[in-house]
Amino acid sequence: MEKKDVAIEARDIVKVYKLYDKLRDRMFDALGIGKKKYKLYYALNGVNLKVYQGETVGIIGTNGSGKSTLLKIMTGVLNQTSGDITVNGRISALLELGAGFNMEYNGIENIYLNGTMMGFSEKEIDAKLPEILDFADIGDYVYQPVKTYSSGMFVRLAFAVAINIEPEILIVDEALSVGDVFFQAKCYHKFEEFKAMGKTIIFVSHDLGSISKYCDRVFLLNKGNLLGEGSPKEMIDAYKRVLVGQYGEDGQQTAETKESYNEQAQEYGTRQAVIEECFVTDENGVRCTAVLKGTEFTIHMKVRINDHIPAPIFAASFKDIRGTEITGTNTMIEKAFLDSVEPGQRKEITFTQKMSLQGGEYLLSFGVTGYNGNTFEVYHRLYDVINITVVSDKNTVGFYDMDSVTVVKDIGTDD
């Protein structure tokens, strides 16, 4: 086997955070006052891996598995608690919108800012500017402050800068999901060029189709531990077992799943009915925070009734992470429940359907509303309370997959 040079090596990387119940506990700990009141959270727990020069490597895992934390340590954005990281080559990273950009500067100024931070002279950036602007293709907006950009324009410029400053190692964390499908195609074409040039690419994505198509190897993280490494097919299959079986960090099945629940979710209402619990289960009835595209899943809400309500309406809806309402339904639309309820009753409402959304991150909101005569009333609403990851091995255009049956027929040739 041909010996390859190592581009990045992580040796026993640990990243620990202190979790405080109260803000004052954090302050007292920082000042060294009183008894320490915190819990230790291991975002990464002894991760070892090597990425070789010229490889395209994917990192997959559920939310909270440590993917983004690992990338930030590789790029120097975060420091590890313990362990060693070695990087051989100039890194260009696209980790999150806004990273490395001054929001008050215009696009041109930010190009020069980023180029200078990477060690290029003004003359060298001058030479690269036409190619950057051509790739970004945002027109005269490049002369406007980036704080006025849409997320799509922002990622176009950020990616154009990242790939045109001649990096030896390119690191991308889900950022391409923001651009439109044509821009994503252009980016992946650039990936192919980079691979041909012997560049190293590391990227995180919930689009398993891209992971399978572009990656030479894949690392699977789970709860801060490296669960495995291997071919894309091997690791994607293992990832699906993690999702379906809710395996623990050591690969063994666990009895429960830590839900991605927003404790600071916005809520309001008269509280004549109260949503006491909400969660999602997969096709096997196991609580989950990630759903495989194309599989059946169920949304649950448990509600306590505190007052007589003539005809409550129970609802659930999905938004993307930018706040766009994607889809939703309620018991009135579904004609599932049109009765009155009385104090002391408890109801569990479930919505079961096939997951057709594209791979990515989504937020679930819940509500109990109704009509008192002609007056619309909100009894309880919870906004953006659960984060659900949709894992896909085929993303189509737009928000959802029409699940088309596609056929190409030979209808003859020109004479």
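**View A. Pairing of strands S1 and S4 in the predicted model.** Strand S1, residues 6-19, runs antiparallel to S4 and is joined to S4 by five bridges. Within this pair, Ala10 has Ile85 of S4 opposite.

**View B. The open sheet formed by S2, S1 and S4.** Three strands make up this sheet, in the order S2-S1-S4, and their pairing is antiparallel. Strand S2 (39-52) and strand S4 (82-87) are the edge strands, each pairing on one side only. On average, neighbouring strands of the sheet are turned by 20° against each other, direction ignored.

**View C. Helix H2 across the sheet strands.** Residues 67-75 form helix H2, which lies across S1, S2 and S4. Relative to S2, helix H2 runs at about 65°.

**View D. The largest nonpolar core.** This core holds 51 residues. The members that touch the most other members are Ile60, Tyr149, Leu157, Phe159, Phe191, Phe203 and Tyr239. Helix H5 (residues 151-163) gives the most to the core, contributing 10 residues. Apart from this core lies another one, of 33 residues, including Val280, Phe297, Phe318 and Ile349. In soluble globular proteins, nonpolar side chains tend to be buried together.

**View E. Surroundings of Tyr149.** Which residues does Tyr149 touch, not counting residues up to four places away in sequence? They are Gly107, Ile138, Tyr141, Val142, Gln144, Phe154 and Leu157. Of these, Leu157 is also listed, like Tyr149, with the residues of the largest nonpolar core that touch the most other members.

Conventions
Residues numbered from 1 in each chain as written. Predicted model: local features only at pLDDT ≥ 70, side-chain atom pairs only at ≥ 80, totals over all residues. Heavy atoms only, no water. Pairing = 2+ DSSP bridges. Helix = DSSP H or I, 4+ residues; strand = E, 2+ residues; numbered from the N terminus. Axes fitted to C-alpha atoms, helices over the stretch in contact; angles between N-to-C directions. Contact = heavy atoms within 4.5 Å. Core = buried A, V, L, I, M, F, W, Y, C linked by side-chain atoms within 4.5 Å. Buried < 20%, exposed > 50% of the residue type's maximum accessible area, 1.4 Å probe, protein only.
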